[in-house]
Amino acid sequence: MKLYLDPGHGGTDPGASGNGIREKDITLDIALKIRNILLTNYENIEIKMSRTGDTTKSLSQRTNEANAWDADFYLSIHCNAANSSARGYEDYIYSGLSNSSRTATYQDIIHAEVVKLNQLNNRGQKKANFHVLRETNMDAFLSENGFIDNPQDAALMKQDSWRQNVAQGHANGIAKAFNLKAKATTTPAPTTPAPKPPTNPGTPPTNPPTTGGLYKVIAGSFKARANAEERVTRLRSKGIEAFVVTATISGSTWYRVQAGAFSTRANADTRLAAVKKAGINDAFIIAESGSQSTRGTTPVVPSTILGPTQLSAEQMDRFVKKVNPNAPELGSYYKTLGEYYGIRGDVAFAQAVHETNYFRYTGVVNRGQNNYAGIGATGPNVRGATFATPRDGVLAHLQHLYAYATTQPLPNKYPLVDPRFNLVKRGSAPTWIGLSGKWAVPGTTYGQMILDVYEKMIAG
Ligand SMILES: [Zn+2]
């Protein structure tokens, strides 16, 4: 996605001014912050700016440049001025566009994200015949971020934290509107290719790796081998690799068509969807532990938040200390409290590893907060909750997960220490993947990133 980012005014044109500040300086700082947030956090975006310093550039130069570059979106940042009493935020798209236009849809999304964070009166979504909206070939959007001649709005504009929040709101809107792919925030995601099927469809599959479990996509199960072979042929004609495996169920032999084996449930779900799209409606997934000798005891990557904790406290602590020897030893809290609430404490631990970057606290939350899951940390300057002890921090994390995982009342052995428990739509995310876009916004890959960490934990 190509974003043309335009801080309004500049150089000999200061824009509006008041209360000791100039529009051109505020718009430039917000735009640079937007660029920084987007390039740091998202993969599939390119940004060209109309200016990165205090330079003069005409409106036609800006729109010509965006058109020549063939940008996908034009984002123009401004501040307003009127009569010193008007205040608040508003944004614009071109007046010739309908409310059902694609540009209007983008406006809906970006507006909603900006007003969440900007602390300004909301003056609404508007349309106007501005040059940059009219002369651009791509969808274009212009925001007026407060009134510089109003003392209250100007007091906000002078704060670096406010400008950062406004930038974050715009960045969140762009990310949501264009479905940008978040960068992994910990170490790179593991690449665990599915085992290669044997070339001869008649032979059994190679043994899966001994570490971790596997999710196998079974595209049909037959009593007659010939029917299974026919299914394989049909799948291959649709571009889906498959082969036959035998399974003994209640003493009789079945011929199963295996169309892939994956180390994460999400990847298996994706393949299952492809198989079903190819017209195979009786396909299903089976979860298998890694090796014959440890069958039933080797941990697998789970999908639900509720469930048993598979790793020991020592395994959790050892995993994180390989990366950060100074990490606190929280494994026993995640193990025992996880078991009390019926939550997979080891996967919650993986979430804490992801949130705190191996307890190195490279995000907004500080070490001293004992806040391992970013509870209440909603923006770059909103550090969120603080808990008295590490145990309380883990307790709050698990209680927050419990709120998402189930509609059941919270078991009452421990006091409620999660300050946001009652803000959660109860039972709205029973799976780890389901936390995406809820625990972390926009965070479309959030749940998968937790499971990726967990996959590394069970691999030792
Ligand atoms: Zn302006």
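Which residues have the most contacts inside the largest nonpolar core? They are Leu398, Ile450 and Tyr454, in a core of 49 residues. The legends below describe close-up views of a predicted model.

**Figure 1. The whole chain, with its helices and strands.** The predicted model has 13 helices and 12 strands in the chain. Of the 460 residues in the chain, 45% are buried. Among contacts with a separation of 6 or more, 68% join residues 24 or more positions apart.

**Figure 2. The largest nonpolar core, which has 49 residues.** Leu398, Ile450 and Tyr454 have the most contacts inside this core. At least two residues of the core come from each of helix 9 (313-323), helix 10 (331-341), helix 11 (345-356), helix 12 (390-405) and helix 13 (446-458). Helix 12 gives the most, with nine residues. Apart from residues up to four places away in sequence, Leu398 touches Leu337, Gly338, Tyr341, Ile343 and Ala348. In soluble globular proteins, nonpolar side chains tend to be buried together.

**Figure 3. The crossing of helix 10 and helix 12.** Two packed helices are described by the angle between their axes and the distance between the axes. Here the axes of helix 10 and helix 12 come within 10 Å and cross at roughly 35°. The crossing of helix 10 past helix 12 is right-handed. On the side of helix 10, the contact is made by Tyr333, Tyr334, Leu337, Gly338 and Tyr341. Helix 12 contributes Pro390, Arg391, Val394, Leu395, Leu398 and Tyr402. By type, the residues of this contact are nine nonpolar, one polar and one charged. Leu398, with Leu337, Gly338 and Tyr341 among the residues it touches, is also one of the residues with the most contacts inside the largest nonpolar core.

**Figure 4. Helix 11, with 12 of its 12 residues buried.** Helix 11 has 12 residues and reaches 16 Å from its first C-alpha to its last, close to the 16 Å expected at 1.5 Å a residue. The buried residues are Gly345, Asp346, Val347, Ala348, Phe349, Ala350, Gln351, Ala352, Val353, His354, Glu355 and Thr356. They pack against helix 9, helix 10, helix 12 and helix 13. One of them, Ala348, is touched by Leu398. After helix 11 comes Asn357, with a positive phi near 55°.

**Figure 5. Asn366, in the loop between helix 11 and helix 12.** Asn366 counts as exposed because 12 other C-beta atoms lie within 10 Å. Leaving aside neighbours within four places in sequence, Asn366 is in contact with Tyr361 and Arg383. Asn366 and Arg383 are 17 residues apart along the chain, and their C-alpha atoms are separated by 7.7 Å.

**Figure 6. Helix 1 and its buried residues.** Helix 1 (residues 23-41) has 19 residues, so at 1.5 Å a residue it should span 27 Å. Its end C-alpha atoms are 27 Å apart, which agrees. Buried in helix 1 are Glu23, Lys24, Ile26, Thr27, Leu28, Ile30, Ala31, Lys33, Ile34, Arg35, Ile37 and Leu38. An α-helix has 3.6 residues a turn, so residues three or four places apart point the same way.

**Figure 7. Gly53, in the loop between strand 4 (46-49) and helix 2 (59-69).** With 10 other C-beta atoms within 10 Å, Gly53 is exposed. Gly10 is 43 residues away from Gly53 in sequence, with 7.8 Å between their C-alpha atoms.

Figure 8. Ser84 lies in the loop between strand 5 (73-80) and strand 6 (89-94). Ser84 counts as partly exposed because it has 15 C-beta neighbours inside 10 Å. Asn179 lies in the loop between helix 6 (160-177) and strand 9 (214-222).

Terms used. Residues numbered from 1 in each chain as written. Predicted model: local features only at pLDDT ≥ 70, side-chain atom pairs only at ≥ 80, totals over all residues. Helix = DSSP H or I, 4+ residues; strand = E, 2+ residues; numbered from the N terminus. Expected span 1.5 Å × (residues − 1). Buried ≥ 20, exposed ≤ 12 C-beta atoms within 10 Å, placed from the backbone. Core = buried A, V, L, I, M, F, W, Y, C linked by C-beta atoms within 7 Å. Contact = placed C-beta atoms within 7 Å. Axes fitted to C-alpha atoms, helices over the stretch in contact; angles between N-to-C directions. Left-handed = near helix turned anticlockwise from the far one by under 90°. Nonpolar A, V, L, I, M, F, W, Y, C, P; charged D, E, K, R; others polar.
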